[in-house]
Amino acid sequence: MPNNLISLATQLQRKEISSVELTTEYLKKIKKLNKKTNAYVFTNEEVSLSQAKKADQIIAKGAPSVLTGIPMSLKDSIMTIDMPTTACSKMLAKYIPTYNSTVYTKLLNNGAVLLGKTNMDEFSMGSSCLNGFFGEASNPYDTNRVTGGSSGGSAASIAQDTCVYSLGTDAGGSIRQPASYCGIVGFKPTYGAVSRNGLIALASSFEQIGPMAKNVGDTKIIFNVIKGKDEFDQTAFEIPRTTRQNPIIGIDEDHVEKTADKDTLAVFEKAIKACSKLGYKTVKIKSKYNDIYAKLYYILAYAEIASNMGRYTGIDFGYSTKSKYIDTNDFIKKSRSEAFSNEVKTRIMFGNHMLTGENMEKFYYKALKMRNDLVEDYYLNVFSKCDFILSPTTPTAAFRKDYKHESIQESALTNIFALPANLIGLPSISIPFGVSSDNMPIGMLLTGKRNFDNALLSVAENFEKHSGYKVLN
Amino acid sequence: MSKYNLVVGFETHVELNTKTKIFCSCANEFGGEPNTHCCPICLGEPGTLPQLNKEVVRYAIKAGLSLNCKIPQIMSMDRKHYFYPDLGKSYQTTQSARPICLEGFLTLDSGKKIRINHIHIEEDASKLIHDAQNIYIDNNRGSTPLIEIVTEPDIASVEEAREYIEKLQAILRHIGVSDCKMQEGSMRCDVNISVNKEGEPLGTRTEIKNMNSISFIEKAISYEYDRHVDLIESGQKNQIIQETRRYDEKTDSTESMREKEDAQDYRYFPDPDFLVLRLDSKFVENIKKTLPKLPAEIKSELIQDGIDEKAADLLVKYKNVSDYYLSAKTFGDSKILATYILGEIFRFLETEEEKEQFNIKISANDLGALSLLQKNNKITAHIAYSIIPKMLKDGNPHTAYLTKEDLEGFDNTEIDKLCQEGIAAMPKAVEDYKSGKEKALKAIVGYVMRATKGKADPVYTENKILELIR
Ligand SMILES: [Zn+2]
């Protein structure tokens with residue numbers, strides 16, 4: 001694959017090309033291609049070029065890391081002092097970040113070059129990337145289709161090669177689903193493997209920052225740079241090194257067949273065949289919770305969303321109403337009403353509803369208990385039989401922008417295979433594996449036990465070799 | 001006695017004096033230019049996460065152990081939601097489901113135990129300053145650490161209420177977790193009050209929020225008690241509603257706050273930014289080892305030493321006073337030292353603040369030595385009392401104010417002479433003594449003392465007089 005991380009790093013370090021040259025080339029490409037996809041919402045040539053210059057100096061001194069001088073993009077919910085960070089919301093459209101996220105600091109310490117901030121659904125609320133304040137993003141393979149979301153801009157920016165890699169965030173499939181729709185690799189690490197410090201929170205106990213790249217090898221390199229304990233995030237920890245010889249792959253065929261379309265099933269068949277080519281044993285697995293992932297997610301994640309969104313009052317930062325107000329409450333109400341989209345309002349209302357009065361016991365605490373039961377079930381009944389779970393990433397390839405989901409349940413289906421990893425905190429990776437009958441990318445999802453990120457990435461690297469996916473142009 | 005029982009419970013917020021705030025590394029200091037002790041974390045900016053200050057956990061456990069609480073093996077943090085400008089995140093991080101300390105008690109002098117339901121840790125809100133048009137926010141106080149100590153409704157009188165708060169203050173000051181200054185807001189009480197007849201179920205309780213003075217607490221409780229009793233007696237029991245009231249010191253009455261707060265649903269739920277924290281027994285044991293002697297223990301030792309109860313209470317009220325006293329005691333006489341401290345020294349330290357600080361120029365060692373001189377009759381109490389104010393002012397040791405003469409007392413032959421003079425001058429006293437009125441001797445001792453301007457050793461003098469009249 002052209003322009004992957006390793007090959008570019010080699011060229012940079014052999015001084016066949018400088019980071020400034022490479023960055024300039026990418027900036028030009030963004031100018032040309034961003035009209036098509038709207039993958040980027042902010043760029044700043046001056047910042048990018050000055051970072052590139054610094055990288056060239058490090059390379060000249062002979063002390064680079066693999067990431068030194070490599071241009072990348074970041075989802076717009078990841079805090080960067082150098083460029084705006086708005087979560088693609090009117091609420092934060094003029095927000096000036098006051099600190100850097102831990103992941104950005106780590107990338108900068110490795111000499112990375114930030115090209116820009118990528119489009120997303122407002123506050124990561126969505127699976128289409130049609131829902132941001134700065135306009136829709138379009139799938140580079142068919143601009144009438146969605147990139148997926150919420151990290152859709154990141155996926156598109158890699159797919160059209162307007163950067164080498166990106167970081168996205170995933171609370172319910174938000175890295176993996178757009179990765180699958182755009183034909184790239186997207187990895188959601190074990191919960192806590194990467195610091196969330198500086199990630200504009202959606203659903204705190206579900207989400208992780210993770211790498212998105214052109215192949216598994218690149219993903220691995222980026223992951224190893226951004227992972228680890230962090231004094232600013234007490235849920236972050238150092239994952240152990242893991243390997244798995246002769247892994248056993250679990251497959252829930254009934255579940256996949258019930259949900260996935262014909263094209264996706266065909267690619268899934270190929271993936272199962274790849275197992276035998278790789279000498280991996282496959283076993284049938286079954287979770288009794290297949291039908292309730294989405295319900296648990298709605299109740300628990302939306303409750304956290306409602307709570308996390310409370311800080312946007314327009315008082316200390318963010319959008320403040322320009323209209324007249326009677327008192328503080330009225331001011332807060334007007335600021336929020338004017339700045340949030342309906343999607344955001346819906347989720348806040350739903351989440352608060354789940355936490356109010358008797359619903360607390362009836363829904364929230366019941367769901368919390370079921371989430372624990374689900375974890376137990378996975379470890380007792382699924383991971384007792386296998387090391388990794390194979391499924392498609394999504395039931396279909398990227399849907400059309402004008403497609404109207406019939407219900408909230410139906411739209412949740414796009415993440416049906418991705419959700420258990422968020423509910424349980426598992427590492428999970430989407431690998432491009434084939435195409436649909438109309439040539440749209442289709443990804444396969446591998447999910448492992450908690451902390452088995454390294455082992456998962458190694459297995460994914462082997463799978464990738466048998467992928468039928470070819471980069472489309 | 002009224003036929004109605006008073007039933008009072010306390011929820012006391014105490015600001016911990018840790019170096020930094022509860023979730024970030026900003027300084028935890030009272031005052032300061034507005035909005036100078038804050039950072040993205042305590043301002044609740046997007047993307048920030050809390051880091052629980054371990055010192056806060058230690059301080060809270062110290063408080064719990066000192067109030068005889070159980071420390072559970074795990075604790076967790078919860079979010080309490082409400083929209084108000086004093087709360088940047090629109091939720092307060094607190095503990096609801098699994099607080100850090102459970103089921104303790106505080107013992108009153110009567111031996112009665114006021115049960116502690118639990119103690120939890122939480123962040124304070126920012127300070128709001130209102131003027132006619134605007135509300136200003138000072139975030140220096142935002143996210144400073146608090147503990148909330150919640151009692152059972154075990155307090156049955158205004159006196160018990162005062163004693164509970166005073167004892168609580170003394171304990172928390174002794175273990176060094178807070179200065180408990182009500183006037184500065186580092187200790188604030190919510191007091192809930194109900195009345196009932198003996199043997200009947202508890203009445204409807206009202207809560208008076210944010211009390212910042214013990215005497216106001218006393219007055220507010222008295223007022224509420226009378227109000228409840230009057231309403232019941234006049235057949236308007238249903239007028240007592242569960243509500244939050246405010247005490248107005250100007251009118252010495254309480255009024256309903258009529259804020260929506262009563263009906264508010266705080267939507268408590270586990271804060272996902274915290275892991276459940278394990279409080280292992282070794283950690284707790286180690287904290288236990290660092291606990292100093294508590295006021296109650298020191299007090300009972302003082303009483304054994306012969307100090308009266310009231311004096312003992314004053315000596316243990318502030319940690320610095322008690323530390324100083326205990327240290328001076330090792331060099332001198334405990335009873336005499338108590339009179340020095342509660343007398344001349346407390347007179348010199350006019351305000352409570354100064355007494356609490358107890359920043360005096362006399363070393364404990366020196367004051368102890370002075371008390372020994374008095375004890376051994378080298379000097380009289382009168383001399384000691386007259387030089388202590390000078391020592392406090394100038395900071396010189398006691399030796400600087402005592403002449404050789406003072407220290408040696410009078411030459412004994414001269415005292416012998418004075419004794420003879422006294423006996424000769426007061427034949428009536430001698431007669432009285434001989435007829436059994438022992439006190440009559442004091443008159444002659446007094447004569448000698450006056451003649452020596454108090455420098456004579458009274459014990460020597462008395463013995464000499466006895467010797468001469470026998
Ligand atoms: Zn701070």
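**Notes on the two-chain model**

1. Let's begin with one residue: A:Phe331 counts as buried, at 12% relative accessibility (buried means under 20% relative accessible area, exposed over 50%, and partly exposed in between, with a 1.4 Å probe and protein chains only). A:Tyr325 is partly exposed, with a relative accessible area of 46%.

2. A word on what you are looking at: this is a predicted model, in which local features need pLDDT of at least 70 and side-chain atom pairs count only at pLDDT 80 or more, while totals for chains, interfaces and linings use all residues. Residues are numbered from 1 along each chain as its sequence is written, chains are lettered from A and ligands numbered from 1 in the order in which they are written, and side-chain values use heavy atoms, leaving out hydrogens and water.

3. How do the chains meet? Chain A brings 41 residues to the contact and chain B brings 32 (contact means heavy atoms within 4.5 Å). Together they bury about 2,900 Å², 54% of it on carbon and sulfur atoms; buried area is the accessible area (1.4 Å probe) that two parts lose on being put together, summed over both. On the chain B side, B:Pro46, B:Phe83 and B:Arg267 supply 21% of the area buried against chain A, more than any other three residues.

4. The rule finds one salt bridge across this interface, where a salt bridge is a side-chain nitrogen of Lys or Arg within 4 Å of a carboxyl oxygen of Asp or Glu. A:Arg196 and B:Asp273 form a salt bridge, with their closest N and O atoms 3.1 Å apart. By class, the side of chain B that touches chain A has 18 nonpolar, seven polar and seven charged residues (Ala, Val, Leu, Ile, Met, Phe, Trp, Tyr, Cys and Pro count as nonpolar, Asp, Glu, Lys and Arg as charged, and the others, Gly among them, as polar).

5. Now to the rings: there are 30 aromatic pairs over all chains. Rings of Phe, Tyr and Trp (its six-membered ring) pair if their centres lie within 6.5 Å, with planes under 30 degrees apart counted as stacked, over 60 as edge-to-face and the rest as tilted. A:Phe206 and A:Tyr297 make an edge-to-face pair, 5.4 Å centre to centre with 85 degrees between the planes. A:Phe206 sits in the loop between β5 (185-188) and β6 (208-213) of chain A and A:Tyr297 in helix α10 (residues 293-308) of chain A, so the pair ties together parts that are 91 residues apart in sequence. Helices (H or I, at least four residues) and strands (E, at least two) are DSSP runs, numbered from the N terminus. Both partners are buried, A:Phe206 at 1% relative accessible area and A:Tyr297 at 9%.

6. Within chain B, B:Glu352 and B:Lys317 meet through their side chains in a salt bridge (3.1 Å, N to O). B:Glu352 lies in helix α9 (residues 352-357) of chain B and B:Lys317 in helix α6 (residues 309-317) of chain B, so this pair ties together parts that are 35 residues apart in sequence. B:Glu352 is partly exposed at 40% relative accessible area, and B:Lys317 is partly exposed at 26%.

7. One more pair to look at is B:Glu344 and B:Arg347, a salt bridge whose closest N and O atoms are 3.2 Å apart. B:Glu344 is buried, with a relative accessible area of 17%, whereas B:Arg347 is exposed at 57%.
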